[in-house]
Amino acid sequence: AEVGGGGAELGLREVEAAEADVRAVEEAASPTAPTPVQERLLASRSAGAVLTECGPLLSELRSANPADASSQLGSLALAVQILSQWASGAQRAKLRRDRRLAEILEALASSPAALEPWAVLSSLRGCSLMGITLPHVLEALLGAARHRLVEMSPEQVSLLFQSIAQSPEIAGMRISGDLREEVLTILQQRAFELDPRSIATLVPALVRLRVTDKTLIGRLAEHVASAQGSVRIQDMAAAASGFVALRVVHSPLIEKAGKDLEQNIHLCTPRAVVQLSMAMAESDDVQHFRDLLMPAARSFMLDFNARDLCSLAEAFSKARAADADFLAELASGLETKVNTMGAHEVTVALNIFAPVAYSTPRLFPAVAARLQNLVDEISPRQLARALRGLAGSGAGDTTLYVELRERAVRLAPAMYGGNAVDVLMALNEVGHLDAPTLESLLGTTLRQLHRMTAADYIAILYMTSQLPADLQGSVPESLQDEALHALRGRGYGPWRLELEALAHLLEALRALRVQDEELLELVIDRLPAALRSSRPPLELLVRTLELLGDLPAKARLHVRIHMHRRPRLQSALRHCLGKHINRRLDIESQAVIARALAGIGFDDPVTQEWLDRVVALSGPLLESAPPGVTCEFIAALAELSWQRSWARQTARKLLRQRYPDWVTQFPNKWPKDEDADEAPGEEEEKEVPQENAMFRFGVGFDAPAEADSLLRFAWALAALNEPLPGPLLAEVYAGFDGQLPSDWSGLGLQRLQAVALQWSLAASEAEKLALPEDVREWLELAQEVPREDLHSRQQAPRPERRSKKIAMPTFGYEQWLSIALSQLHIPHTAGMPIANVHRAAVAFPAQMQVIDVLSQLDVSAPAFRTLGSAELRRRHMVQLGWGLHPVGLRELYDAMRKGSLKLMVSKMLSSLDPNAARRGTYRGGANSAAAGDGTGGGGVGSGLRILKGRSAFVPRGGGGGGGVAGRGGSR
C-alpha cells in the first residue's frame, strides 16, 4: 500500500509489481525543495531525456561563477543518480561511453566544494551504481564527502557507506579507507538515530566490506529488535538475513522477525521469504518453517531464481525442516534454471539435492554440465564442495574430474590450508587423486600448517593414513609428525566435543600405528561430553567404541582405567546405548554392539538385560544370518562371561552343522546335554532346506566366514573350555594365508596364542595327528612369537614427568609386589611370561607358584565381573601346573595405602614359605629394630613412597629400617 499509494491493502503480486516499476531515487540523496529543473529530471522517463535536460545546465556552468552554481551542480548530481537508476545491462555500458555523461562528471569534479551534502551523495551513488572508474572524479567526490561529513544526517552517512561498498573501484581507493573509518565511527555513535529501513539497507554494505565491529553490529541489531511501530516485513527480512551473514545471531531480532512473519505473511515478497528463511534457520523454531515459510515458498515457486531456490534448500536443510517432497519441488523448479546458475548455486545444488536425485533424474547431469562450464570460476572452497557433491550424487565423469583436479593444482599456491585439506579429502573420496595433485596440495598444507585448526589436522592425518600404497611416497616425511605435534598444541578445543572428529583421529592413529598417550587422554577426557552433545547415530557410536577397544595393550589399559574410575563416562555410554538397544535392530547390528561392548569391557544391568533379550530371541535369527555374526556374538558373550550356557549350546550347534565329519570322528568330545542338538548324520543333512537361497548368498552356519571372526570364535571356544575342532583351526590358517595376525593392537596374535595353548593342552594325540602338519607348525610358531605386552617392564612414571601432563594414574602392582617380596627375602620373578602366552604378576619358578592380579583389563565396568580372558588365563596356568594365588588390584591398592602390603603378601604365601608370615610381622623379632640396611622387618613403606595427591607409587632409594613411609626406622 505504501508503494502503490492507494488506501487499500494490496496483494502480494501487486506490491511486487509496483516496486519493480518505480524508478525512485534515494531520499537521503535528493533535494528537500526541488527546483523546476530537478522536478523535470525526476519526471524523466528515459536516460536520453535526462541527458537532454543536462545540456542547458552545462552551458550555464561554462559562463557562471562556480561559487554561484550550486543549483546547477545539484541538478547535475541528481541527474547522475537518475541515470544510474535507468541504466542496466548493455544500456549501462553504452551510457558510460556517452560524451555528455563525461562532461557532467568533469563539471562535478571541477567544483566539489560547491556541492551540498545531498548532491555529493547523489553523485557518488550514481557513480557506484554505474561502475564509473575515473580516478580524479572519484577522488574529488570522496574528498567533498569527507569535508561535508559532519553536516550529514545519520541516513546520509549510511547511504555514503553503502555507496563506498557498492563500487569496488571506490572501495579500493586510498582515500576511501580513511573515509570509511570515519563513517563507521559516526554510525557507532548515532546508530539509534537510524530508522529500521536504513539499517536494513546498511547491513548488506557491512557484509560486503567485511566489517567485524561487534559493537556497531550489536547496536544496530538491538535497535531493529526494539523498534516500535510498524516495520515493513521486507525491511525486517533484509536486516535479519544481513545480520546472519555477519555471523551475529541476535535472538530478540529473530523473535521479532518471527512475530512479524506471523502477522504479515500475506505481504511477503519472494525475496523476503528467502531472507527470512536464511535468518530463521539460525533458530530452533521448526514450526515457522512448516506452517508459514513452506506454504509461502510453494506459492512463489515460479518467481524464484536459481540462487533463491538453492538458498531456500540450504536454509530448510539447516533448520531440519526440509522433507523429501519439498526438496523435490525445489529441485524441479531448479531444473529449468540450470543455465542461470553460478558457481555457488552449482555447489549447493550438488550437495543439498543429492537425497532427492531420484525425483529429477535430469537435474544432476545438467548441473554437472553447467559445472564444467564454470570450472575456471570456482573458488577453492567451492571446488571442495563440488567434488563432495559429485561423489554423493554420482553425476561426475572422468573428464569433469580431470578438469577439477587441474583447477586444484592451479589454485594450490593461493589456497588456505583448510581449503587444501578439503580438496584433498574430496579428490580422495571420488578416487581421482594422483601424485602431482597430492604433492601440490600437501605442499600448501605444510606451508599453512601453523594457521590451520585442529579439525584440519585430524582431517589431514586421516586422509594420509587412508591413501593407497602407490601414493604414500608422495607424502612429505615430516607432515604427519608436524600435524601430530600441532594437534597436541591445539588439544583444548571444541573438536573434542565432536564424536566424528574423535573417531577419525583414532582411525588415523591406528592406520599410522602411532601410540600417543597425550592425544588418547585428550580424546577420552571429553568423551562423555561428546557422547551427550553429538547425539551419535548407532554406526558412529559403535565405530568409536570398537576403536577404543582395538588399541595396543598400554593404550587399552588407559581406556579401561577411565571406564572404571569415571561414573560420568559410564552414564554417558549408558544413555547413548539405551537410545539404540531399545529399538528393533537386526541381529547383525546387535552382534556388532555386543562385540564393541566386550572390547571395552562395559557391563551393567542395562546391557545385561539387553543381552538376555537378544539371547531369548536370536536362536532362529542366527541360523539365517552370516556365520560371522554368530561367531562374533558368541565371542562377545564369552568375554563378558554372560549367558555362557547359551553360548556353549549355540557354539556346539554351529560346529555340528559346519564340521559334521569332525564331530562324527571324535564323538567323545561332545557331552550330552538336554538342549543341544544331536550330531548330524546323513538323514539330518538331507533335512536342510535346499530351496533356501540364503545359503548360497553367504548366510547360514555352513557359509564362508572371515578369518578374524573365525579366530574370535576359536578363542571363545577356548574361553568356554569347549573342544577346538581341527577343521576350524585349518580354516583359520587358510583365512590368514599361513601368516600370523598383524593387527596394530596385537589382540589377534594374543587370541591365536591362547587358542594354540588350549589346543596343545586339551587336544588328544589322535586330534593332533589328524591336523595338517603345516597348521600344527603354524600354531607352534604363533606360540613362540614374543609379544610386547608380555616382555615389557611395568613401572610407574616418574613424578617429575607426571607433574607436567594431565593423565590417568597408573598402578604398578608388579613393582609393589616385587618390593614387598624383596623385603621378605623370597626369590621371585616379576612380570614373568607363562608359556609365552600369559603374564603372571609375580612367579616363583622353583615352587611353580604364581600371584595373579585382576587389573582393570580383567574385570568389567561398572559391574566389576571377571572377564573371560582373565578366567582363561587362570585356567591355563593351573593346567600348566602352576599353583595360583589370586588377588584383586583393589586389595593390593588398599593394602598399599594402609602400609600393610608386606603383611598381606606374607599371609598369602605362608603355604609356599612357612617363614614368610613370621618375617612379615610389624612388631616383634630382631628384624623390627634393624635400621639402615634396607632388609628390616618393617612395613612396605620402607621401600615405597606414596605421593600426596597422586595415585602412583615409586621405589624409594637407600636403606631405612621399617615402618610406614615418612616415619623413622626405630618405630
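Some housekeeping. This is a predicted model, so local features need pLDDT of at least 70 and side-chain atom pairs count only at pLDDT 80 or more, while totals for chains, interfaces and linings use all residues. Residues are numbered from 1 along each chain as its sequence is written, and side-chain values use heavy atoms, with hydrogens and water left out.

Now the overall picture. The protein chain has 53 helices and 8 strands; those are DSSP runs numbered from the N terminus, with helices being H or I of at least four residues and strands being E of at least two. The accessible surface comes to about 43900 Å², and 50% of that belongs to carbon and sulfur atoms. Accessible areas here come from the Shrake-Rupley method with a 1.4 Å probe, and for residues only the protein chains shown count as cover. As for contacts, meaning heavy atoms within 4.5 Å, take those between residues at least 6 apart in sequence: 73% of them join residues at least 24 apart.

On to salt bridges. The rule is a side-chain nitrogen of Lys or Arg within 4 Å of a carboxyl oxygen of Asp or Glu, and by this rule the count comes to 39. I'll show you a few.

Arginine 307 and glutamate 345 meet at 2.9 Å, N to O. That pair links distant parts of the chain, with arginine 307 in helix 18 (residues 306-318) and glutamate 345 in helix 20 (residues 343-352), 38 residues apart. Arginine 307 is partly exposed at 43% relative accessible area, whereas glutamate 345 is buried at 5%.

Next up, glutamate 623 and lysine 653, at 2.3 Å, N to O. Here too the pair links distant parts of the chain: glutamate 623 sits in helix 37 (residues 619-623) and lysine 653 in helix 39, 30 residues apart. Glutamate 623 is partly exposed, at 33%, and lysine 653 counts as partly exposed, at 23%.

There's also a network: salt bridges that share partners join Glu546, Arg595, Glu632, Asp708 and Arg712. Let's stay with arginine 712, in helix 42 (residues 707-719). Is arginine 712 buried or exposed? It counts as buried, because its relative accessibility is 18%. Leaving out residues up to four places away in sequence, arginine 712 touches Arg595, Glu632, Ala635 and Arg751. Arginine 712 and cysteine 631 are 81 residues apart in sequence, but 6.8 Å apart in space, C-alpha to C-alpha.

Now surface charge. Patches are made of residues with over 30% relative accessible area and no salt bridge, with like charges joined within 9 Å and nonpolar side chains (Val, Leu, Ile, Met, Phe, Trp, Tyr) within 5 Å. A patch of positive charge gathers Arg320, Arg532, Arg535, Arg568 and Lys579. Within it, arginine 532 belongs to helix 31 (residues 527-534) and is partly exposed at 43%. A patch of negative charge gathers Glu773, Asp774, Glu777, Glu780 and Glu784. Glutamate 780, in helix 46 (residues 773-784), is partly exposed at 48%.

Most residues other than glycine have a negative phi, and most peptide bonds are trans. Where is there a cis peptide bond? One joins alanine 861 and proline 862, with omega about 0°, and proline 862 is in strand 5 (residues 861-862). Glutamine 643 has a positive phi of about 55° though it isn't a glycine; look for it in the loop between helix 38 (627-640) and helix 39 (644-658). Histidine 825 also isn't a glycine, and its phi is positive at about 60°. You'll find histidine 825 in the loop between helix 49 (813-823) and strand 2 (829-834), partly exposed at 45%.

Definitions and conventions
Lys and Arg count as positive and Asp and Glu as negative; His and the chain ends are not counted. The place of a charge is taken as NZ of Lys, CZ of Arg, CG of Asp or CD of Glu. Buried means under 20% relative accessible area, exposed over 50%, partly exposed in between (1.4 Å probe, protein chains only).
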